[in-house]
Protein chains: 2
Amino acid sequence: MGAVNGMNGKKNAAIVGFGGMGRWHWHQITKNEVFDLLGVYDIRPECIEYAERKGVATYSSFEEVLSDKRLDVIVIATENDQHKPLALAAMERGHNVVTEKPVTVSSADLDEMIEASKRCGVLFTTHQNRRWDGDFLSVKKVIEEGLIGRVFNIESRVQGSRGIPGDWRGKKEHGGGMMLDWGVHLLDQIVNVLLPDRKIESVYATMDHITNSEVDDGFRMTIMMEGGMRVYVEVGTSNFIELPRWYVQGENGTVSTPWDLSQGRIVCCTNWETAEVKPIRTAAGISKTMAPRTDDTIKEVPIPLIDSDVHDFYRNLAAAIDGKATQLVTHEQLRKVMKLMETAFESDRTGQAIRFN
Amino acid sequence: MGAVNGMNGKKNAAIVGFGGMGRWHWHQITKNEVFDLLGVYDIRPECIEYAERKGVATYSSFEEVLSDKRLDVIVIATENDQHKPLALAAMERGHNVVTEKPVTVSSADLDEMIEASKRCGVLFTTHQNRRWDGDFLSVKKVIEEGLIGRVFNIESRVQGSRGIPGDWRGKKEHGGGMMLDWGVHLLDQIVNVLLPDRKIESVYATMDHITNSEVDDGFRMTIMMEGGMRVYVEVGTSNFIELPRWYVQGENGTVSTPWDLSQGRIVCCTNWETAEVKPIRTAAGISKTMAPRTDDTIKEVPIPLIDSDVHDFYRNLAAAIDGKATQLVTHEQLRKVMKLMETAFESDRTGQAIRFN
């Protein structure tokens, strides 16, 4: 199905679920040069009305979507718990499928979906758009180019102050909570893109329930990796002051930046061996250890800016459908992040650090 | 011994160990109105010479200190591993003793010291000067006055960038390392002064060995307490950019401040229920959850400044020697922090979160 591209040479997509992220996909699809949007479907009349007001074609039922033989891909952007049944139904009818993140809500569900895609011979992947975040790509470049020496600590934080804005993301039955919403991005960035081959040794995590007792409205997660690499991932929704989006330590320097890289800094050490340190007075004591460095032993380096284009997700999708590229978000990557999230929940439940295999 | 005060009504002190902290005590003792310094002793000739150059009286041997019947207290400010033998020797000769922090390097050692003080009927305490840090006292006031609502997360960080400045603090045999050097302060502030009655449930810690393989040159420690209180304590010596000294979250606000409180902020929520949130674009995606708050739902509050006087340590010591006050740093408090530090090392060694009894 969808083997022959549309008249303009583009592939054809439909979107199921036309809320916030469904509309994001509408804009993405209509702005790239590889896909056309044939229509959208949502069970909510107000979302269909919204589409009609905006001149977006609509389907009258999910069955109508499934029956559309022109489609090259169905994009599923519903509540998280609906990804699996909708994706399975679509794949069983021979459709390629992209789900929004998280791919689904458990490893068992994910295995069923992967099995279905293999059995049905269709492409199945997930939209991990934050692989294209400029802040992430810049920090990745700093690390990979060794600008701060061997890196031993990576802290990735996303902090808001609105709790979980009121919709299904606050409900357990729909796969709500911040781990599945934002954790999935932050983990994917680090374990699938930045450090894909680094063995994970253990996970220690605690969940917050400040504004929501049903699902986590934030979490803190320490991932110890081989070679003494510590990764810390945090999502918060009760943070009225934000800590930096990234804080990364190497043996010879530190990077700290908010989302807006123009506010970020890299400070590198130019001379570890310095003369005798003078103690400084800090509050009610003195300290040599915490004495600030003098300017002649450090230097500030500008943060490299990386061009990125999130449309590459759809470009890769088109090529992968044609068998000309490997899908960017692979099944193994989806499995790894899902296992990590489940391990974090287990750690929180048991109060233990959990070995990760 | 020392029951009769000196001619000027002051009590008499000697200092053993005249390095960095010994000299701090010299300044403290000579600037308060309750103690006189009778002399100092150090095994290092250069430290004795320094004292003589500065006009500070010196003893010619530790035995001479022990034999000085005028003394009300002996202050021990040597390497950490020497606190115990020197304190035991002094207490056996009937002297009241103050050690520098950490009181010693293990719970077993501490128990011996406490037992000796009881058997000999002398006062035995430790100098925890950072209870008087203005930043700590201000954050304590913010928490206790409920300025940010019920607090659920307290992060206390001290970050330097010089590794462990080169002396005995880098050596295991002398009780070196950042946990014993700075951890002892940060833990004492929180578990003995800020939250003395809060039950500690578990400890998860990892140690750094970036510039030193023998002792920790930094650590990160999560302490989970009853009622969902999370305390995070971190010391680093490879941080070329500093995160805030304090970051504290309450249900209705956040405090973030460096050591210098004039750079600190308190942001409080004035209206949790807001109208429909507009998603913001952040890097390669959109988010409602991370949309910043509008100014009409938050307010900035100035950080309260607290007067404190570290001389109160010696004032209390004089009163405690006279039986007119309880010593500020008690044996139980010393035990609690020593146990916590040992639990942190155990957590790092085993990779486990450890229940704390």
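1. A salt bridge is taken here as a side-chain nitrogen of Lys or Arg within 4 Å of a carboxyl oxygen of Asp or Glu. By that rule, two salt bridges are counted between chain B and chain A. One of them joins B:Arg220 to A:Glu155, with 3.3 Å between the closest N and O atoms.

2. The model is predicted, and local features need pLDDT of at least 70, side-chain atom pairs count only at pLDDT 80 or more, while totals for chains, interfaces and linings use all residues. Residues are numbered from 1 along each chain as its sequence is written, chains are lettered from A in the order in which they are written, and side-chain values use heavy atoms, with hydrogens and water left out.

3. The interface can be described first by its extent. Contact, meaning heavy atoms within 4.5 Å, takes in 82 residues from chain A and 81 residues from chain B. The buried area, which is the accessible area (1.4 Å probe) that two parts lose on being put together, summed over both, comes to about 6,300 Å² for chain B and chain A, and 60% of it is on carbon and sulfur atoms. Within chain B, the residues that lose the most area to chain A are B:Arg162, B:Phe240 and B:Ile241, which together make up 14% of what that side buries.

4. Across the interface of chain B and chain A, 27 residue pairs, both at pLDDT 80 or more, are in polar contact. On the side of chain B that touches chain A, strand β6 (residues 151-159) of chain B gives the most, with six residues.

5. Chain A holds an open sheet of five strands in the order β2-β1-β3-β4-β5, with parallel pairing. Strands are DSSP runs of E with at least two residues, helices are runs of H or I with at least four, both numbered from the N terminus, and two strands pair if DSSP finds at least two bridges between them. Because β2 (35-41) and β5 (124-127) of chain A stand at the edges with a single partner strand each, one side of each is left without a neighbour in the sheet.

6. Inside the sheet of chain A, β3 (residues 73-76) and β4 (residues 97-100) pair in the parallel sense over three bridges, and A:Val75 has A:Val98 as its bridge partner in β4(A). Helix α4 (residues 83-92) of chain A lies across β1 (11-16), β3, β4 and β5 of chain A and runs at about 170 degrees to β4(A), where axes are lines fitted to C-alpha atoms, for helices over the stretch in contact, and angles run from 0 to 180 degrees between N-to-C directions.

7. In chain B, five strands likewise form an open sheet, in the order β2-β1-β3-β4-β5 with parallel pairing. Its edge strands are β2 (35-41) and β5 (124-127) of chain B, each pairing on one side only.

8. Some backbone details deserve a check. Most residues other than glycine have a negative phi, and most peptide bonds are trans. The peptide bond from A:Lys101 to A:Pro102 is cis, with omega near -15 degrees, and A:Pro102 lies in the loop between β4 and α5 (107-120) of chain A. The bond from B:Lys101 to B:Pro102 is cis too, with omega near -10 degrees.

Methods: Polar contact = N/O pair within 3.5 Å; in protein donor to acceptor, adjacent residues only side chain to side chain.
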